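User: I would like to learn how to read the features of a protein model one at a time, with the general idea before the particular case. Could we go through it together?

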Amino acid sequence: MGNSQSQSSSIPMPNFNENEYQKLKSIIGNAEQTHMNDFIPVSTELIKEKLPYLTERFRLTFINLAKEEEKLLNIKYKNIKKSKKKALEKSLSAVSLNFETKNEILSRSTLLKIVESLCKQTDDENKIKQRFIQLYASTFSNEKEQINEEDKIDASTFIKELASTALTYYIAAVPKIKTVEEDGVEKEVIKEGPEPKFIEASERFVNFVIRDIKKVSHKDDLSKPVTFDDNNEDEETTKVNEPVILSWEELVSNSLSSSIFNLLWKINFTSSFITTNEFKARNIKDYRLKSMTKPRLNPNKSRLLKPEDLFIIDLSIPSFHVNEEWNQLYDDSTSGQNWTVFSNCIEDQGSTIVIVRDKENNIFGGFASNEWDHKPKFYGDNRSFLFTLRPEINIYKATNINDHYQYFNDKSQSLPNGLGMGGQFDYFGFFISSDFENGHSKGISTTYNNPSLSSQSEFKLDAIEVWLVKEKERDDRLIDDKKLKQQGTVLNRMEDMTFLEMSGVKMYTKDIKKQPNADDEYWKESEFESNY
């Protein structure tokens, strides 16, 4: 009779693979467990130590959720028999902890169940995720009127803490697999990067996430531009979307239907509890496809992109263009503010991101799905989009009303000379003039339904960066003029120099040593890119 009751109340072990258990064991103990009903104690203090990037409120909410689950399973310390109490104290001493009543003890099987529910993507698990948010709200939110506004804990605080941990893991250097030889035998080792610096999500990033949740909540796209009845253009372009207030009820009910919130949640909890460095190193392509980790920037830093900007743009790029590395094609601080240089650097390369900072410190730009090709007409496809990053984050996808996605021309007397995206001639959604000093963004562009990306419809250029997201596919059997240009002079091609010297031509400049580049030395010495 007792056996039948035990079997009917048994709970199956969570479905984790060996890699997932590998990190979990470091957090909740390495004890062998074959049955969920086995009580194996875990100290809450050990749990906190093993979760360095989870905020204190998130760690406490996780523990409270586990305690609540234990009550539901009727697994409490006070109900443990005396013989099991002694075993419990002994197991605690084995991990160098003295048992004290203030040190809370949780069941390992309960923790396994909670971790599985927080990390997996099913409807049943969503109930646990929603309960996590509810517990956070009930534990920390304070609705009293006398509390200072900056100290108030609300739904935006939850999103900020979730996003901060997720961005910290997202931006972390990806471990690398190296083959080394020991005693004549080759073996693989994992070379880990430096510990990531904790990144605090900004208010503009939090507002962007809230807008996406509200879009789900009200079935209304709040990322679209705000429109006004006033015809005064200067007044219109200086207005921005007001901060959106999100209630706890909306966060609980609708947040998990938001793609960006879901991704932040997944990065946060899977990186905290499950993902090992070895697994990440061996599955980097899969991680990049899911935007779980950032692209490797070459060179290793951007003047205009903060980690959260990189995350938003990366998430918005269609999966067809997702790549492990983004190469910088142009930076005016190193290449000079010159249209000809700019044009030569970006022409016929592939899918690119063009980012501009104007004299008013607004940062904005566009993702161009097709390569930049000199033409006296619009071209491209609807995978392109425009964006603003400061003072607020917005993404403006193609509307499919027209096909004016890209424009690149500098050889016309009757048409605009410069780089443009969206809108009409002389009325672009985003335009950089070939004088390389001026630009305009005249909303509303029917191509991307964007307002002016800058605070004014006409702007002055202050800084420009262009990043190659995905290189153009080329036929290796054909001669690529662009590639020949990039190869430089004959001095850059050893086989050509050797042929000329065999023909009796003296290469006088051959022995002039090229000065080392600081970035080259950095990449030579460092296995990893900067963590910003």
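User: At what angle do helix H12 and helix H15 pack, and how far apart are their axes?

Analyst: A word on the source: this is a predicted model, in which local features need pLDDT of at least 70 and side-chain atom pairs count only at pLDDT 80 or more, while totals for chains, interfaces and linings use all residues. Residues are numbered from 1 along each chain as its sequence is written, and side-chain values use heavy atoms, with hydrogens and water left out. In general, two packed helices are described by the angle between their axes and the distance between the axes. Here helix H12 (residues 259–273) and helix H15 (residues 307–316) pack at about 115°, with their axes 12 Å apart. Axes are lines fitted to C-alpha atoms, for helices over the stretch in contact, and angles run from 0 to 180 degrees between N-to-C directions; helices (H or I, at least four residues) and strands (E, at least two) are DSSP runs, numbered from the N terminus.

User: Which residues of H12 and H15 meet?

Analyst: Contact means heavy atoms within 4.5 Å. From H12 come Ile 260, Leu 263, Leu 264 and Ile 267, which meet Phe 311, Ile 312 and Leu 315 of H15. By class, this contact has seven nonpolar, no polar and no charged residues, where Ala, Val, Leu, Ile, Met, Phe, Trp, Tyr, Cys and Pro count as nonpolar, Asp, Glu, Lys and Arg as charged, and the others, Gly among them, as polar. As for the spacing of such residues, an α-helix has 3.6 residues a turn, so residues three or four places apart point the same way.

User: How should I read the span of helix H9, and how many of its residues are buried?

Analyst: The expected span of a helix is 1.5 Å times one less than its number of residues. Helix H9 (residues 203–218), with 16 residues, reaches 22 Å from its first C-alpha to its last, close to the 22 Å expected at 1.5 Å a residue. Buried means under 20% relative accessible area, exposed over 50%, and partly exposed in between (1.4 Å probe, protein chains only); by that rule 12 of the 16 residues of H9 are buried, including Phe 205, Phe 208 and Arg 211. The buried residues of H9 pack against several elements, among them helix H8 (155–171), H12 and H15. H8 itself is mostly covered, with 15 of its 17 residues buried.

User: What is phi of Asp 348, and what is it for Asn 449?

Analyst: Phi of Asp 348 is near 60°, a positive value in a residue other than glycine, and Asp 348 is buried at 18% relative accessible area. For Asn 449, phi is also positive, near 55°, but this residue is partly exposed at 27%.

User: How many disulfides does a search of the whole structure find?

Analyst: A disulfide is a pair of cysteine sulfur atoms within 2.5 Å, and the search finds zero. Among the cysteines, Cys 119 is buried at 6% relative accessibility, whereas Cys 345 is partly exposed at 22%.
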